[in-house]
Amino acid sequence: MNHRIPKSFLRDDRAATMVEFSLIAPLLFLITFGIFEFGFVFYQYQSLDMATAMAARMAATRGPLITGIPDCGVGTAVPIGAYCVTDPVSKTWAPLTCTGTATAPTPATAGATCNTVLMARILQETQLVYPALQAANISIAYGPSGLGFSGAGKPVPVVTVTINGVNANFILLGALGLANIAMPPFTTTLTAEDLSGT
């Protein structure tokens with residue numbers, strides 16, 4: 001018996017488009033949602049970068065965040081009215097860091113304390129840009145700059161703000177098992193100004 005397929009059946013391509021689309025659709029949707037998801041991650045990256053710059057600006061102009069730092073650094077003996085840069089100690093003292101809700105900086109230094117009220121205000125302002133930030137994510141360090149005058153009562157340190165330990169979140173891809181991405185540390189450094197702004 002010889003079975004012949006009708007020529008009209010061989011030329012019938014009405015369902016071909018549907019088959020082709022069903023093969024391509026998953027890849028198309030994955031690429032489309034991937035673009036949205038990684039765009040959202042990039043938005044979070046930019047927001048954290050902006051939050052770091054905002055925190056550094058506040059720490060450099062308000063406060064001071066760390067109180068009890070002598071004008072020219074820790075342990076300097078520059079005569080009153082002299083430029084701090086004339087004493088080598090003013091450029092080499094160990095930076096003091098306040099993190100989160102700590103009341104004392106690290107390393108522990110006699111007379112130095114962390115201003116928790118200002119740290120809370122900095123956190124509140126940065127949460128306007130990146131709401132998921134927590135106090136433990138923010139570290140602010142005051143370090144040597146060699147700037148200022150002895151006896152002025154206003155130290156002029158270098159302020160370094162670091163935001164660390166933040167994960168970028170996915171919206172839909174997280175539901176498919178793709179883990180959150182750990183963001184890199186964000187750091188901004190500024191020279192303190194008068195440290196008496198409002």
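This is a predicted model: local features need pLDDT of at least 70, side-chain atom pairs count only at pLDDT 80 or more; totals for chains, interfaces and linings use all residues.
Thr61 is buried, its relative accessible area being 6%. The cut-off for burial is a relative accessible area under 20%, so the 6% of Thr61 falls on the buried side.

Where does Thr61 lie? This residue is found in helix 2, which comprises residues 16-61. Its side chain also has a polar partner: a polar contact of 2.8 Å joins the side chains of Thr61 and Arg62.

My last topic is the aromatic residues. How many aromatic pairs does the structure hold? There are five. In the pair formed by Phe42 and Tyr45, the ring centres are 6.5 Å apart and the planes meet at 5 degrees, so this pair is stacked. The reasoning rests on the angle: planes under 30 degrees apart count as stacked.

Phe42 and Tyr45 both belong to helix 2, and because they are three residues apart there, about one helical turn separates them. Is Tyr45 buried, exposed or partly exposed? With a relative accessibility of 34%, Tyr45 counts as partly exposed. Finally, ring pairs bring a further residue into this group: Phe42, Tyr45 and Phe186 are linked into a cluster.

How values were computed
Residues are numbered from 1 along each chain as its sequence is written. Side-chain values use heavy atoms; hydrogens and water are left out. Helices (H or I, at least four residues) and strands (E, at least two) are DSSP runs, numbered from the N terminus. Buried means under 20% relative accessible area, exposed over 50%, partly exposed in between (1.4 Å probe, protein chains only). A polar contact is a pair of N or O atoms within 3.5 Å; within protein, one must be able to donate a hydrogen and the other to accept it, and residues adjacent in sequence count only if both atoms are side-chain atoms. Rings of Phe, Tyr and Trp (its six-membered ring) pair if their centres lie within 6.5 Å; planes under 30 degrees apart count as stacked, over 60 as edge-to-face and the rest as tilted.
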